[in-house]
Structures are given as structure tokens and as C-alpha cells.
Amino acid sequence: MLGLEHDFRIVDTRATLDPDESSVATHGRDISPERLEREMLQAGVVRAVVSPGRRAAGRSYLRANNAVARLSIDRPFVAFARLNGPRDPRNGPLSAVRNLRAEREDHHARPDDVEQYSYDDRFHGFTLVPHADGLPNEDVLTRLEAADLPLIVHAGRQFPPEAVERELLDYDMPIVLASFGGYPLDTDLMNETLDLLAEYDRLYVDTSAVRYREVLERGVLEHPDRVLFGSGAPDVHPNVGVMEVLTLDVSEDLMRRVFTKNPARLIPALAEGADV
């Protein structure tokens, strides 16, 4: 695919780096770090947040996180540690009962893991995918709050904005809802998420897999400082995500906020000249 031509410095807040055979087998794809970097450069993306793909059930993310951090060295990648937990993120009485008895197993994230990642200069934030990995226990979330690093949360139909609000938004930490909280292609959930931005000052959204121009424009126009560019690579070529923002009917200043200023302010490692 031909590289895009534009005058923006673009940084990406959502990409997946599959560091080993287990992650590749789970997703059925094999995108090397070199190919991911090449596709980013084709789209004009100069730096990207990366975290591991989904691990098989019962497997810890410790090795995958460390592998992603290692593979990010000398590449334009910013590593985020992926966390899991024993709690069921779904709503309803059955989930509530399960969570009363949810016990952390060896492969689940612990508070000490969060502290270790927080003080490891290879990691710059965290990723939660509750519908796939479960929710961490309260002590882990409390430690995340103390760390005060960005937390990217994959929300959507299986973990809707109301669940995000119930489980996470009482904690005082910066949270980014991937895909406007409406994956896959649920405009009602995306608009619910945008309503939440008016209530929570430390809540942000990224643009990955938001295919509706009207919703994207609403987010950028109503909340110009809290929309971050995210491509969702390698599931989607970053060219696609970049074009969706470039074709919005908004000013170049607002595009520059989405592409560069907002992500770099929230994640300093994405800023120009940052030492990563």
C-alpha cells in the first residue's frame, strides 16, 4: 500500500504487537515487529503504543509484556503492560455472585506486578481488555490509581460504558476508552461514552474502529482535548485510521490535537524528542 502524504506528525495510541507463537496462534496472524513498523511508517505514524495480543486461557501476561518491551527497544514503539484478573466484567446477578467468590489465580495480575511495571522505565502505561481477560481485583485497581499512568481500556458491547463507569471511573487515574467505547460499530455506545466525557475530567477516547464520520466529528468538536488517534493495527492497516481522521470536516488545528498534541500530553513518551 502506498504511503500517505500529509503534513502531520502522527502518534498512535492503540496497536497490538504479538511477541510469540502463543499470541499469534490466538489471533491467527503473524505480524512481525518489522512489518508493523513498516506499516506505521507508510501511514506517517512516527510512534505507537503497543501491548500484547490475547494470551491463551490460564496464561500470564508477564512474559508477553516483557517481550513487547524488549521488542520496542530501538523501534518507534511505546510499551504498555497488559493486565488480567479473575472478576467477571459482565452485568447481572450471576456475574455479581461469581465476583463475590472470585479468587485470584497464579496467572492473574497482582498489585506487586503493577508496582513493578510502574517503576520499570520500559513501560509507560497499562492495557485492560475485560471481556477477554477479566477485571483485576480492587487492590490491583487501587495500585493502578496510585501509579497514575494511562490505562487503555477496551470497551464495547461486552463491557459497555455503564460498566466502565461502575467498575473504573471512581478511580482517579487517566483512562482511555478504545474505539469510543463502542466496539464493534455500536453508535449508541459511542455516544454514551461521549456523554461520559462531560462528567469525568480524566476520561479520554481513541479513534480506533470508529467508522462513523458523524460520531468522530462530534467527539472532536465537543471534546477537542480528549480524543486521541488510535489505529487498531495490525487488525486494520494504520493508513485506514489516518484517512478517517484526515477526511473529517474539522480544522487542521483539531486534527493536529487528535494526531499529536492530545496523545503526547497524556503519554509523554509519544512526544517529539522523548527518550524511549
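**View 1. Strand 5 and strand 6 run side by side in parallel.** Strand 5 (residues 151–156) and strand 6 (residues 175–183) run parallel and are joined by 5 bridges. Ile-152 has Val-176 in strand 6 as its bridge partner. Strands pair if DSSP finds at least two bridges between them. Strands (E, at least two residues) and helices (H or I, at least four) are DSSP runs, numbered from the N terminus. This is a predicted model: local features need pLDDT of at least 70, side-chain atom pairs count only at pLDDT 80 or more, and totals for chains, interfaces and linings use all residues. Residues are numbered from 1 along each chain as its sequence is written, and side-chain values use heavy atoms, leaving out hydrogens and water.

**View 2. Helix 11 packs with helix 12.** Helix 11 (residues 238–246) and helix 12 (residues 252–266) pack at about 150°, with their axes 10 Å apart. Axes are lines fitted to C-alpha atoms, for helices over the stretch in contact, and angles run from 0 to 180 degrees between N-to-C directions. The two helices are therefore roughly antiparallel; angles over 145 degrees count as such, under 35 as roughly parallel, 65 to 115 as roughly perpendicular and the rest as oblique. Val-242, Val-245 and Leu-246 in helix 11 meet Met-255, Val-258 and Phe-259 in helix 12. Contact means heavy atoms within 4.5 Å.
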